[in-house]
Amino acid sequence: PKKRAYSPDMVATKDITNCLNINSKFTGTGGNSSSLAPRKLKKKDSPRKTGIFACESKIDATLFKKYYDRGDLPVAVNFTGAQRKMTWKLDPEQLDYHLFLPIFFEGLRETE
């Protein structure tokens, strides 16, 4: 057998790999797990979301909101104290029901 020439690099590399217990052929698993446990089954598709808690679509501004913001309605809301109270600006006998009654019913949809 032929003898190789002495090389200090060759000796240093072998010593370092032996000290650190490093295999220079890279035969490891590369960080993959080596578990023998059976694989978990994939979850079935979850049912569709119903959107019950999603924001509701905005309702267009009603005539009630328009008239109330302008101050055209014969009512005022009193916010003093813990309770809100509605006060009439006119007597109920003087109201024009043909004009205001449809507006008040449309105002039942208002939430703001």
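1. Start in helix H2. Lys65 and Asp69 lie 4 residues apart in this helix, so about one helical turn separates them. The two residues form a salt bridge, with 3.6 Å between the closest N and O atoms. Lys65 is partly exposed, at a relative accessible area of 30%. Asp69 is exposed, at 56%. Bear in mind throughout that this is a predicted model.

2. How many salt bridges does a search of the whole structure find? The search finds 2. Besides the pair of Lys65 and Asp69, there is a salt bridge between Arg70 and Asp72. Here the closest N and O atoms are 2.7 Å apart. Asp72 is partly exposed, with a relative accessible area of 38%.

3. Now the overall layout. The chain has 3 helices and 2 strands. Along the sequence they follow the pattern α-α-β-β-α. Helix H1 covers 8-20 and helix H2 covers 63-70. Strand S1 takes residues 75-78, and strand S2 takes residues 85-88. Helix H3 spans residues 97-106.

4. Some totals for the chain. It has 112 residues, of which 9% count as buried. The accessible surface comes to about 11,700 Å². Carbon and sulfur atoms hold 56% of that surface. Among contacts with a separation of 6 or more, 43% are between residues 24 or more positions apart.

5. Thr62 deserves a look. It sits in the loop between helix H1 and helix H2. Is Thr62 buried or exposed? Thr62 is buried, with a relative accessible area of 3%. This value is under 20%, which is why Thr62 counts as buried.

6. What does Thr62 touch beyond its neighbours within four places in sequence? The contacts are Glu106, Arg109 and Glu110. With Glu110 there is also a polar contact between side chains, at 2.5 Å.

7. The strands come next. S1 and S2 run antiparallel and are joined by 4 bridges. Two facing pairs can be picked out on the model. Ala76 stands opposite Thr87 in S2. Asn78 stands opposite Lys85 in S2.

8. The turn of this hairpin is worth checking. There are 6 residues between the strands S1 and S2. Gly81, in the hairpin, takes a positive phi near 80°.

9. Which residues make the nonpolar surface patch of about 490 Å²? They are Tyr68, Val77, Phe79, Met86 and Trp88. Met86 belongs to strand S2. Readers can trace the patch residue by residue on the structure above.

10. Phe105 is exposed, with a relative accessible area of 53%. That value is over 50%, so Phe105 counts as exposed. Phe105 and Phe64 are 41 residues apart in sequence, yet their C-alpha atoms are 8.6 Å apart in space.

11. Gly107 lies in the segment after H3. Gly107 is buried, with a relative accessible area of 13%.

12. Pro92 is found in the loop between S2 and H3. Pro92 is partly exposed, with a relative accessible area of 38%. Its C-alpha atom and that of Pro74 are separated by 9.6 Å. Along the chain, Pro92 and Pro74 are 18 residues apart.

Methods. Residues numbered from 1 in each chain as written. Predicted model: local features only at pLDDT ≥ 70, side-chain atom pairs only at ≥ 80, totals over all residues. Heavy atoms only, no water. Buried < 20%, exposed > 50% of the residue type's maximum accessible area, 1.4 Å probe, protein only. Polar contact = N/O pair within 3.5 Å; in protein donor to acceptor, adjacent residues only side chain to side chain. Contact = heavy atoms within 4.5 Å. Salt bridge = Lys/Arg side-chain N within 4 Å of Asp/Glu carboxyl O. Patch = residues over 30% accessible without salt bridge, like charges linked within 9 Å, V, L, I, M, F, W, Y side chains within 5 Å. Areas by Shrake-Rupley, 256 points an atom, 1.4 Å probe, with all protein chains shown as cover. Pairing = 2+ DSSP bridges.
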